[in-house]
Amino acid sequence: MTALLQKENILLVDDDIDILELLQRHLKSMNYHTYKAVSVKDALYILKDTEIDLLVTDINMPEIDGLQLVKYVTEHYPDMPKLVVTGFPSVEDASNVIKHGATDYLTKPFTKAELEIAVKKAFASKPNGQTFKRPPKPTQAANGFDGMIGTSQSFQKVTQIIERVKDNRATVLVSGESGTGKELVARAIHYSGKFARAPFIAVNCGAIPEGLLEAELFGYTKGAFTGANENRDGFFQAANQGTIFLDEIGNAPLGVQNRLLRVLQEKEVTKVGSQKAEKLEVRVIAATNSDLEELIRKKTFREDLFYRLSVVSIEVPPLCERPSDIPLLVEKFLQKYGVEYKDRFVRISDEALEVLKRYSWPGNIRELENVVQRAVIMCDGKITLQHLPDTLKYKIEFPKKGFKTLQEREREYIEEVLLSTRGNKTKAAEILGINRKTLREKLK
């Protein structure tokens, strides 16, 4: 069972992205929530409106070094413990950082156990009697946020992170399979926080033609290109003071990625055809069902943009990993479509619900909603087995004569393992000795 997050928020600052990833991976396994910054400038932006309980920073960084950040935090956030990590240890550095308030000094390379001891020591150094503020528990336990629903631990972990980031402008990367509700997560972050009255602008980067995406996102000036007959604001300007949600960010062309990187670094936007930059206060939430790290290897996605986008990462679990939430989701869709089509409440038989709970839902929540919607239309007040598509029901696989191809044998075995794990792709991938993304590719 997935453990819930601990109460503390940790800010990690390092220009070495490998160390940044290592720190995050170790701290995530200890169930801490982390914010990532690749520069001191990014760290200050996060500190401005985010409740941070521990700073973990490198010393040797370009432009502004970590020692200046330690000094800044010591005076602006005097009760915040500071843990310094460095690959170039020296007696002078060690005495300097300790003199300016660092609680410990960790030399690269370090082990996970050494990191855990240093983090615990840092938290133990907080002033006596001081307690951490716990993020308020969602009052909507089962109802979730803005249409999200569930009580499973994997779902609660998502809502915990939403609670932590809803009131700050930290950039968030939401990942997950198609149909898991990534846009709902983005809307929940926006509409449950203190910027809820500001605009929420959703943009599907995969639905806008490549040649138009740059102009649509950042705006353009009159004469910037053929057909630009007037000055026009883009989606970023429309989202000023609020949130812009960039769905399918993996489809953004490199030209757009370059401009987006500047927006995240400088907090300003330049229209296509203009030389003048406009300062904006916009929270960026990006979403993807692609493997961005694979796109980075293929040189179609910028690595530096990936780390700017993933200050906070939220992984939305597939529906097969939260089967206990299926009855709640079914109930929600029954109410929604019962009112829309029947003007009354529609029920579902126990047998039909069991079939829905048993199915692996490769299309996730979107597929479940489509099945319930169709069943509500077809039924007469109560959904029974006859109103469910045959693809969900029990099948008998008759052996075929002759030899099968290796691919057919492989797929049969994968389906057999999936059946034994009740559709849990993560467990199935572990048994098969492959990762989830490889499993997903093999099931296409």
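This is a predicted model: local features need pLDDT of at least 70, side-chain atom pairs count only at pLDDT 80 or more; totals for chains, interfaces and linings use all residues.
**Stop 1: the largest pocket**

Select Lys28, Ser175, Ile314, Glu315 and Val316. Of the 48 residues that line the largest pocket, these lie nearest its centre. The space here comes to about 1,800 Å³.

Now colour the elements around the pocket. Helices H1 (17–29), H6 (153–165), H11 (292–297), H17 (425–432) and H18 (436–443) each supply at least two lining residues. So do strands S2 (33–37), S6 (172–175) and S12 (312–315). Colour by residue class next. The lining holds 14 nonpolar, 19 polar and 15 charged residues.

**Stop 2: the second largest pocket**

Move to the second largest pocket, with a volume of about 1,200 Å³. Select Lys395, Glu397, Glu415, Glu416 and Leu419. Among the 30 lining residues, these are the closest to the centre of this pocket.

Which helix gives the most to this lining? Select helix H16 (406–420). H16 gives the most, with eight residues. H18 also supplies at least two residues to the lining of this second pocket. By class, the lining divides into ten nonpolar, four polar and 16 charged residues.

**Stop 3: from H16 to H18**

Keep H16 and H18 on screen. Show the side chains of Glu410 and Lys442. They meet in a salt bridge, at 3.1 Å from N to O. Glu410 belongs to H16 and Lys442 to H18, so the pair ties together parts that are 32 residues apart in sequence. Glu410 is partly exposed, at 35% relative accessible area. Lys442 is also partly exposed, at 33%.

Stay on H16 and pick Gln407. Is Gln407 buried or exposed? Its relative accessible area is 64%, so Gln407 counts as exposed. Now draw a distance from Gln407 to Pro81. Their C-alpha atoms are separated by 55 Å, and the two residues are 326 apart along the chain.

**Stop 4: more charged pairs**

Side chains of opposite charge can pair when their charged atoms come close. The count for this model is 30 salt bridges.

Begin with Arg308 and Asp42. The closest N and O atoms of this salt bridge are 2.0 Å apart. The pair links distant parts of the chain, 266 residues apart: Arg308 is in helix H12 (residues 303–309) and Asp42 in helix H2 (residues 40–49). Arg308 and Asp42 are both buried.

Next, select Arg302 and Asp304. These two form a salt bridge, with the closest N and O atoms 2.6 Å apart. Arg302 has a relative accessible area of 26%, so it counts as partly exposed. Asp304 is partly exposed too, at 34%.

Then select Glu177, Glu321, Lys425, Arg436 and Arg440 together. Salt bridges link these five residues in a network.

**Stop 5: a nonpolar patch**

Select Tyr341, Ile377 and Met378. They make a nonpolar surface patch of about 300 Å². Tyr341 sits in helix H13 (residues 326–342). Its relative accessible area is 36%, so Tyr341 is partly exposed.

**Stop 6**

Most residues other than glycine have a negative phi, and most peptide bonds are trans.

Zoom in on Lys108 and Pro109. A cis peptide bond joins them, with omega at about -10°. Pro109 is in the loop between strand S5 (104–107) and helix H5 (112–124).

Go on to Glu248. It is not a glycine, yet its phi is positive, at about 50°. Look for it in the loop between strand S8 (243–247) and helix H10 (254–266). Glu248 is partly exposed, at 28% relative accessibility.

Finish at Trp361. Trp361 is not a glycine either, and its phi is also positive, at about 50°. Where does Trp361 lie? It is in the loop between helix H14 (350–358) and helix H15 (364–378).

Conventions:
Residues are numbered from 1 along each chain as its sequence is written. Side-chain values use heavy atoms; hydrogens and water are left out. On a 1 Å grid over the protein atoms alone, a cavity is a set of points where a 1.4 Å probe fits but cannot get out, and a pocket is an open set with protein on both sides within 12 Å along at least five of seven lines; lining residues have an atom within 4 Å of a point. Grid points are joined across faces, edges and corners, and a volume is the space filled by probe spheres set on the points. Helices (H or I, at least four residues) and strands (E, at least two) are DSSP runs, numbered from the N terminus. Ala, Val, Leu, Ile, Met, Phe, Trp, Tyr, Cys and Pro count as nonpolar, Asp, Glu, Lys and Arg as charged, and the others, Gly among them, as polar. Patches are made of residues with over 30% relative accessible area and no salt bridge: like charges are joined within 9 Å, nonpolar side chains (Val, Leu, Ile, Met, Phe, Trp, Tyr) within 5 Å. Accessible areas come from the Shrake-Rupley method with a 1.4 Å probe; for residues, only the protein chains shown count as cover. A salt bridge is a side-chain nitrogen of Lys or Arg within 4 Å of a carboxyl oxygen of Asp or Glu. Buried means under 20% relative accessible area, exposed over 50%, partly exposed in between (1.4 Å probe, protein chains only).
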